[in-house]
Amino acid sequence: DLPRLQFCPHRFIPFLSSCAAEGIMPMKLYAHPDNYKTHKALIAAKYVGLDVQIVQGGGQQSGKVPVLETDEGCIFSSTAIARYIARISRPVGLYGQNLLEGGMIDSWIEFCTHELEVPLMTWVLPVMGLFPEVPEATACAKEDVKKAMTVLNNHLLHNTYVVGHNMSLADICVCCALTDGLKLVLDADFRKPFGNLMRWFNLCLQQPEFKAVLGDVKLLGAAAAGGAKGAQAAASKEEAKKGKDKKDAEPKAAPKKEAAPKKEAKEVKEAKEEKKDKDTKEAKEPTPEELAKMKKDKLKKVIKEGGKRGVEIEGAADMGGLQFFCTSVDEPEGDIELLLHSVKGMNEKSDPTEEERKGGSGHVGKMVFSAGVEQLAIVAYVPEDKQPELDCKEWIEKVLSLFGGKVVTDAKDYCQGVIPTDSNNNIFPLKIREALILEANNFLRKKGLFPEDNGDDDDEMVFGDDDF
């Protein structure tokens with residue numbers, strides 16, 4: 001195959017990646033190890049499995065850093081290096097799954113360089129002591145950073161990642177560019193309007209490839225009120241407010257006796273309303289028999305939904321040659337036990353003679369999600385014949401780790417886990433569900449258990465909730 005490799009880049013690039021992963025072709029990167037521009041290349045290298053050795057010092061090509069030294073020559077400029085590394089392994093998909101996605105990734109990298117990095121570094125570098133501060137420039141930079149972050153926040157309202165359905169070089173570049181700013185100048189008040197952007201940023205930081213390079217990123221807390229002067233002004237303002245409150249309170253102390261009848265009348269009225277609400281609640285409280293019936297009816301709906309979804313999964317698997325499938329259901333409403341009943345309903349043997357078929361997808365491995373108010377419930381299922389290829393516990397642990405979830409029960413065939421709602425960290429079941437479905441599919445893809453998009457077909461197959 002070697003003559004063909006010389007003329008076919010799509011065959012040569014995976015070959016190069018595998019050689020790098022095996023340590024045959026380590027590359028030297030002349031760069032400052034703590035610089036965010038270096039981090040872009042290092043994270044990309046983690047994804048493609050490339051062995052990169054950091055060397056501090058000037059590069060051979062231009063006398064500047066960063067420079068990547070390869071056996072065939074040198075590449076300089078941080079963005080050029082990151083793009084080169086991202087293209088080494090096409091299956092990883094850092095440069096998209098097709099030409100359109102590649103172009104979109106380039107667009108966002110250019111946006112990051114010119115619209116975000118320039119103003120953000122104008123603001124950050126003086127704080128780091130690397131550049132003298134020019135107050136007028138800093139003021140303009142703050143407004144430009146706000147505009148760029150608004151664009152990103154609006155884009156990420158309906159997108160889990162910057163481009164496509166997987167982590168790409170665009171995500172890596174934007175995340176690295178933001179990191180120093182979020183640690184040094186973008187305080188909690190500044191970040192508050194950018195909920196979508198921060199949810200995406202936290203998603204990036206949860207990835208092992210990012211964590212290996214960036215470590216634990218500690219975000220800047222609340223803003224200081226202008227240093228010592230601001231603190232003094234705030235203290236004076238607080239004292240003035242206390243004095244005003246005390247002054248206003250003095251003349252109101254006398255007419256307490258007149259207000260007493262009104263207060264008593266108000267208390268009587270509130271007591272009556274409380275008694276009325278209590279009586280209404282007691283009247284509506286269901287009996288044990290009614291509770292049992294409600295529970296039975298709910299379970300029936302859960303199993304019915306699972307049975308119908310099983311038929312759909314069977315059809316999609318037969319049509320697309322799928323061994324595994326990831327989806328979500330509504331009826332369990334985040335209840336982990338009900339979700340297990342739903343998945344078992346999907347796996348029931350289907351009777352072809354029935355007018356309304358149910359189940360039939362027991363031969364298809366699956367991960368099923370259900371969002372509730374308090375938690376996101378997850379059940380993973382691996383059929384016996386596929387257990388040598390995929391460890392059920394490993395699969396669900398990888399998905400749960402994205403948002404700090406925990407495994408509830410584990411076995412070779414069924415594993416259950418939950419991710420609690422955490423409003424302080426912007427973790428909400430409905431918001432994180434799609435990202436987790438993508439993570440589950442990516443785990444399968446890395447093990448060769450999920451079909452790759454070869455970019456040649458006009459018809460795109462998308463497997464998710466929108467199919468049903």
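Predicted model: local features only at pLDDT ≥ 70, side-chain atom pairs only at ≥ 80, totals over all residues.
Trainee: How many salt bridges does a search of the whole structure find?
Mentor: Side chains of opposite charge can pair when their charged atoms come close. The cut-off used here is a side-chain nitrogen of Lys or Arg within 4 Å of a carboxyl oxygen of Asp or Glu. Over the whole structure, the search gives a total of 13 salt bridges.

Trainee: In which helix do Lys393 and Glu397 both lie?
Mentor: Lys393 forms a salt bridge with Glu397, with 4.0 Å between the closest N and O atoms. Lys393 is partly exposed at 33%, and Glu397 is partly exposed at 38%. The two are four residues apart, about one turn of the helix, and the helix is H15, residues 392–400.

Trainee: What is the relative accessibility of Asp216, which forms a salt bridge with Lys211?
Mentor: The closest N and O atoms of Lys211 and Asp216 are 3.7 Å apart. Lys211 has a relative accessible area of 37% and is partly exposed. Asp216 counts as exposed, because exposed means over 50% and its relative accessibility is 70%.

Trainee: Which residues are linked with Arg83 in a network of salt bridges?
Mentor: A salt bridge needs a carboxyl oxygen of Asp or Glu as the partner of a Lys or Arg nitrogen. In the network that holds Arg83, the linked residues are Asp106 and Glu110.

Trainee: Which residues gather in a patch of positive charge on the surface?
Mentor: One of them, Lys300, has its place in helix H13. Lys300 counts as exposed, with a relative accessibility of 63%. The patch consists of Lys296, Lys300, Lys304 and Lys308.

Trainee: What is the area of the nonpolar surface patch that includes Val127?
Mentor: Val127 is found in helix H5, residues 99–128, and is partly exposed at 48%. Met128, Leu130, Phe131 and Leu184 make the patch together with Val127, and its area is about 470 Å².

Trainee: Which residue of S4 is the bridge partner of Leu68?
Mentor: Strand S3, residues 67–70, and strand S4, residues 73–76, run antiparallel and are joined by four bridges. They form a hairpin, with two residues between them. Within this pairing, the partner of Leu68 is Ile75.

Trainee: What is the phi of Ser77, which is not a glycine?
Mentor: Ser77 sits in the loop between S4 and helix H4 (78–86). Ser77 counts as partly exposed at 36% relative accessibility. Its phi is positive, at about 85 degrees.

Trainee: What is the phi of Glu333, which is not a glycine either?
Mentor: The place of Glu333 is the loop between strand S5 (324–328) and helix H14 (336–347). Glu333 is exposed, with a relative accessible area of 52%. Its phi is positive too, at about 50 degrees.

Trainee: How far apart are the C-alpha atoms of Cys204 and Tyr161?
Mentor: Cys204 is found in helix H9, residues 195–206, and is buried, with a relative accessible area of 0%. Tyr161 is 43 residues from Cys204 along the chain, and the C-alpha separation is 9.1 Å.

Trainee: How far apart in space are Asp410 and Ala380, C-alpha to C-alpha?
Mentor: Asp410 lies in the loop between strand S8 (406–409) and strand S9 (414–420). At 45% relative accessibility, Asp410 counts as partly exposed. Asp410 and Ala380 are 30 residues apart in sequence, and their C-alpha distance is 9.3 Å.

How values were computed: Residues numbered from 1 in each chain as written. Heavy atoms only, no water. Buried < 20%, exposed > 50% of the residue type's maximum accessible area, 1.4 Å probe, protein only. Patch = residues over 30% accessible without salt bridge, like charges linked within 9 Å, V, L, I, M, F, W, Y side chains within 5 Å. Areas by Shrake-Rupley, 256 points an atom, 1.4 Å probe, with all protein chains shown as cover. Lys, Arg positive; Asp, Glu negative; His and termini not counted. Charge placed at Lys NZ, Arg CZ, Asp CG, Glu CD. Pairing = 2+ DSSP bridges.
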